[in-house]
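Colleague: Could you walk me through this model before I start reading it on my own?

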Amino acid sequence: GRDGSIDWLCWPAFDSDACFAALLGTSRNGRWLLAPAETIKRTSRRYRDDTLILETRFETNGGVVELIDFMPPRGHASDVVRLVRGISGRVKMHMELVIRFGFGVDVPWVKKNPDGGGLLAIS
């Protein structure tokens, strides 16, 4: 979304059930929001050159920040990579991760991954 939210994602494979399904309902149905915590004056988006790397630029009173989203291929599954790059000034960011399985219906149990990296969501 133009607001910095991933509102639809079938994952870990493209034919999996959606784990972010806000597109079908509300943010309670799952999304990953990463955006400025302050009022946004202007938003622009573009794909970098001839790639599927999406760059969303947010302009606020405090400065300018760029959100870079892409899904690099690897094996049988994909990764979702989101990078925040400060362009100018200082911009406080806000992150909201709402994971729902079963197309936005099932609330998972979430814990730290015992292997040491990331989260493990089980439903």
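**Strands and salt bridges**

Modeller: Strand E5 (residues 40-47) and strand E6 (residues 54-60) pair in the antiparallel sense over seven bridges, where strands are DSSP runs of E with at least two residues, numbered from the N terminus, and two strands pair if DSSP finds at least two bridges between them. This is a predicted model, in which local features need pLDDT of at least 70 and side-chain atom pairs count only at pLDDT 80 or more, while totals for chains, interfaces and linings use all residues. Residues are numbered from 1 along each chain as its sequence is written, and side-chain values use heavy atoms, leaving out hydrogens and water.

Colleague: Which residue in E6 is the bridge partner of Thr43?

Modeller: The bridge partner of Thr43 is Phe58.

Colleague: And what is in the turn of that hairpin?

Modeller: Six residues lie between E5 and E6, and Asp49 in the turn has a positive phi of about 45°.

Colleague: New topic: how many salt bridges are there?

Modeller: The count comes to seven, taking a salt bridge as a side-chain nitrogen of Lys or Arg within 4 Å of a carboxyl oxygen of Asp or Glu. One of them joins Glu66 and Arg85, with the closest N and O atoms 3.0 Å apart. Glu66 lies in strand E7 (residues 63-70) and Arg85 in strand E10 (residues 81-89), so the pair ties together parts that are 19 residues apart in sequence.

Colleague: Is Glu66 buried or exposed?

Modeller: Glu66 is buried at 5% relative accessibility, whereas Arg85 is partly exposed at 41%; buried means under 20% relative accessible area, exposed over 50%, and partly exposed in between (1.4 Å probe, protein chains only).

Technical notes
Helices (H or I, at least four residues) and strands (E, at least two) are DSSP runs, numbered from the N terminus.
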